[in-house]
Amino acid sequence: MHVGITTFGCDSGKSGISSYTINVLQQFCETASDDSFEVVVAQDEKTIFMPPSHRAVPLVVVDTMRSPIKDIFWHIMGLPRLAASRQYDAMFFPAGNRRLPWNLCCPSVACVHDMSWLHVPGKYDRSRLFYLNRILPSLIRKLSKVITVSESSKKDIMAVTGLPSNKVQVIWNGADTSLYFPRDKQVCQQAIAQKYGIHRPYIMYLSRLEHPGKNHVGLIHAYERLRKMHDVKHMLVLPGSDREQNELVHAAAEASKYKDDILFLGFTLTEDLPLLYGAADLFIFPSLYEGFGIPIAEAMHCGTPVCCSNVSSMPEVLGDAGLTFDPEDPVQMAQVMSQMLLDQALRQKCVDKGLERAKLFTWKETATRTLNAIREVARP
């Protein structure tokens, strides 16, 4: 099977969709013995997305398509011609909620991760909402098969597109088990202290700084209440690159009485993340909406206790391995954080259950099931 794959809309290695694309492509090459993959990629992203395997060959396209408008029109008009000339047996789109073609001469499968704009008002501007609401549903309906990452996202996709249940398949995301696993906490703490100057216990939230969807402002308010109401001295550590309306997040931190204990790390190297998880006393994920929430799975793999929002896919990922809260209620969020930090027996129970549940989330399983879905529709 000869498969074409595009990496456009995958955020240049700085998001959950990037992580999905990088890991799934790597696993495709490791698990598919009789298949070949041609990856349509921008020149400056080859080192990010191309796996080190002879099974995957880059097809570099011009960087002038960095403009979202040009990118969208190329996918609708130019990509079908490219697919015809390359004679793919099928095409796979790992960022199907962002970039899809209009018509192809070969079968097509896409991962539509979420429809977050339906749940987070103000997330995107009018022009992007026009594409998402008026054009994208038609493009999704033209796919041979739709993959998504949670039952929560599947429900949204079916509601928006009218597709039947049997055309939308749920395949959970994974975590890199060679990177995320339990480590000696003291070793992690020493490494983090040396690199980031963090010498105190901390609560961690890993996410790009995007307001309002990622809910950093709500977390900062909950953290203030936690510090005021409970005997907790933990810092709040926030790795993640600045994105839309990040200035509101920084302003909320600067206005806080505990601003000196709120630490922004910016974009953080992947190899540092297991150490940050491993040194944290608690991982919190207060997002207002997620298609999946990969950091929840990563934290559980690392043996870090987790609490997260009780909306969209997040309870589906966490299961009974942690505590949940209403992300719009900073009082409840603070109570859950204090409960997890102050009750050692509860923390250990969540760690044990998290390690067991984490076994459900591996990129090998994700890639194997995704390849099977592509094979089901590919030309013989």
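**Close-up views of a predicted model**

**Figure 1. Lining of the second largest pocket in the predicted model.** Fourteen residues line this pocket, and those nearest its centre are Lys185, Gly303, Thr304, Pro305 and Val351. The volume of the second largest pocket is about 170 Å³. Two helices, helix 9 (273-279) and helix 13 (344-358), each supply at least two lining residues. With four residues, helix 13 gives the most to the lining. Sorted by class, the lining residues are six nonpolar, five polar and three charged.

**Figure 2. Nonpolar surface patch made by Ile69, Phe73 and Met77.** The patch covers about 350 Å². Ile69 belongs to helix 3 (residues 68-86). Ile69 has a relative accessible area of 55% and is therefore exposed.

**Figure 3. Salt bridge between Asp71 and Arg99.** The closest N and O atoms of Asp71 and Arg99 are 3.1 Å apart. The pair links distant parts of the chain, 28 residues apart: Asp71 is in helix 3, while Arg99 is in the loop between strand 4 (90-93) and strand 5 (108-111). Both Asp71 and Arg99 are buried. The structure holds 15 salt bridges.

**Figure 4. Salt bridge between Lys145 and Glu376, with Ala373 and Ile147.** In the Lys145-Glu376 salt bridge, 3.6 Å separates the closest N and O atoms. Lys145 is in strand 6 (residues 145-148) and Glu376 in helix 14, so the pair links distant parts of the chain, 231 residues apart. Lys145 is buried because its relative accessible area is 10%, whereas Glu376 counts as exposed at 58% relative accessibility. Ala373 also lies in helix 14 (residues 363-377). At 1% relative accessibility, Ala373 is buried. The C-alpha atoms of Ala373 and Ile147 are separated by 8.3 Å, although the two residues are 226 apart along the chain.

**Figure 5. Salt bridge between Asp261 and Arg200.** The closest N and O atoms of Asp261 and Arg200 lie 2.8 Å apart. Asp261 is buried, with a relative accessible area of 13%, and Arg200 is partly exposed at 33%.

**Figure 6. Network of Lys123, Arg208 and Glu210.**

Methods:
Residues numbered from 1 in each chain as written. Predicted model: local features only at pLDDT ≥ 70, side-chain atom pairs only at ≥ 80, totals over all residues. Heavy atoms only, no water. Patch = residues over 30% accessible without salt bridge, like charges linked within 9 Å, V, L, I, M, F, W, Y side chains within 5 Å. Areas by Shrake-Rupley, 256 points an atom, 1.4 Å probe, with all protein chains shown as cover. Salt bridge = Lys/Arg side-chain N within 4 Å of Asp/Glu carboxyl O. Buried < 20%, exposed > 50% of the residue type's maximum accessible area, 1.4 Å probe, protein only. 1 Å grid on protein atoms, 1.4 Å probe; cavity = no way out; pocket = protein on both sides within 12 Å on 5 of 7 lines; lining within 4 Å. Points joined across faces, edges and corners; volume = space filled by probe spheres on them. Nonpolar A, V, L, I, M, F, W, Y, C, P; charged D, E, K, R; others polar.
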